[in-house]
Amino acid sequence: MPKSATAAKPAQRLMSADDALARVLGGVPTLPAVETPLLDALGLVLAEDIAADRDVPPFRNSAMDGYAVRGDDVASAPVELRVVGEVAAGGFPDRTVGPGEAMRIMTGAPMPEGADTVVRVEDTDNASDLVTITAATPKGMATRQAGEDLRKGETILTNGTVLRPAEIGLLASVGRARVRVRKRPRVAVFSTGDEIVDLDAPLGRGQIRDSNRYTLASAVRAAGAEPWVRGIVRDSPEALRAALREGIAADAIVTSGGVSVGDHDHLKPVLSELGTIDFWAIAIRPGRPLAFGELKDGDRRVPIFGLPGNTVSALLTFEIFVRPALLRMQGRAHVARPRAKARLLEPADKVASLRVFARGVHDPDAGTVRLTGPQGSGILRSMSLANCLIDLPVGPSRFEAGETVDVILTEQPEAP
Ligand code: AMP
Ligand code: MG
């Protein structure tokens, strides 16, 4: 019987997923620091230490609408105080508050000298000449001290901090309209294959719609990077060469399809002209073939990830290998998703020699996980229905219902 080209190839040694990830993380560059407008910095990693340029809040102010008074005057109630003025947020008190006196004050307005306490309006008769305080109020109530949030000169954020909305707010508080962060990677995304057509084109015989480019571009964005959605590359060296020449302008390149054994003959010679590439057979399912290499553009190293074409394999290998790499390129220290133990609700058969990432539905309250149904590498619904990956190790060929398994919480951010 004639052997196929694939069968004629010597069997590739399988690499473990952990080894592959370690090599990927060791092989990608951390991107340089750039200055960026504050609102573009969400999710990026701070590349400088930040000190407060002044106290926040900059002045003592009221936390409530009410009356600024001397605490000694309101230690017991009821008591009448003479209203000597009013101060609103954005205003400034035009006099001090003496014994037996009160000044109407709004939330955020500067406290007048002499006053150390705010009686909230609900604890008064809200009068404007002679106010009756109806509830005893402890000294210091409802006043915010200057610098109680941030002290002038204090380091409030350090190099390496991931910027969440709260940190963006702190930076705004200290007047940083621009901030130094690790560059957001711009990632070129290509599909490959003669059978692949874009969404606006009619679907001819033997053709399929390109879903991977959309899946992967979205996964790039979800990893905090910027997708640069390129075209569908035909299965020819010329087309691939042109695509890679274009893609080299990016910080990283992600392709899908055309990396199966026997099938990657284009990628290898073309990439050897422009850089280096390794083809790995990884001992996982789905997504066994993976190409990883880099293009050289002067001093710049542009990592390239050749993901398998099957829809589940493409997204899954992105999750396991590319997402951590893109986070590392952004300077993130933590690139592993949180994990949990869960009790399997149904049996799961697997190939003993492979580590299988089954798609699962994890119920954290019950501590259980079930499969999402058919697990074929082209059944993208298995990913859509999932909220986790069930990480089934090399060794067993079956996990029984009731066994405890590891799940990867793919909907939760990477954290210490
Ligand atoms: P390949 O890795 O190129 O051999 O492709 C494996 C399988 O994935 C084939 O059935 C392809 O038709 C399919 N495939 C490849 N690229 C895409 C794509 N961009 N969108 C959807 N399916 C794809
Ligand atoms: Mg193909």
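**Exercise 1.** Find which polar backbone atom a nitrogen atom of ligand 1 lies 3.3 Å from, and describe the other polar contacts and the cover of the ligand.

*Solution.* Step 1: the backbone atom belongs to Asn-212; a polar contact here is a pair of N or O atoms within 3.5 Å. The model is predicted, local features need pLDDT of at least 70, side-chain atom pairs count only at pLDDT 80 or more, and totals for chains, interfaces and linings use all residues. Residues are numbered from 1 along each chain as written, chains are lettered from A and ligands numbered from 1 in the order written, and side-chain values use heavy atoms, without hydrogens and water.

Step 2: Glu-195 places a polar side-chain atom 2.6 Å from an oxygen atom of the ligand. At Gly-309, a polar backbone atom is 3.1 Å from an oxygen atom of ligand 1.

Step 3: of the 490 Å² of accessible area (Shrake-Rupley, 1.4 Å probe) that ligand 1 has on its own, the protein covers 77%.

**Exercise 2.** Sort the residues of the shell around ligand 1 by class.

*Solution.* Step 1: 17 residues are around the ligand (a heavy atom within 4 Å), and Glu-195, Asp-210, Gly-258, Gly-309 and Asn-310 come nearest.

Step 2: the shell divides into 2 nonpolar, 11 polar and 4 charged residues, with Gly counted as polar and Asp, Glu, Lys and Arg as charged.

**Exercise 3.** Classify the packing of helices H4 and H7.

*Solution.* Step 1: H4 (residues 212-222) and H7 (residues 311-329) have axes 10 Å apart, at an angle of about 25°.

Step 2: H4 is therefore roughly parallel to H7, the class for angles under 35 degrees.

Conventions:
Polar contact = N/O pair within 3.5 Å; in protein donor to acceptor, adjacent residues only side chain to side chain. Axes fitted to C-alpha atoms, helices over the stretch in contact; angles between N-to-C directions. Helix = DSSP H or I, 4+ residues; strand = E, 2+ residues; numbered from the N terminus. Parallel < 35°, antiparallel > 145°, perpendicular 65-115°, else oblique.
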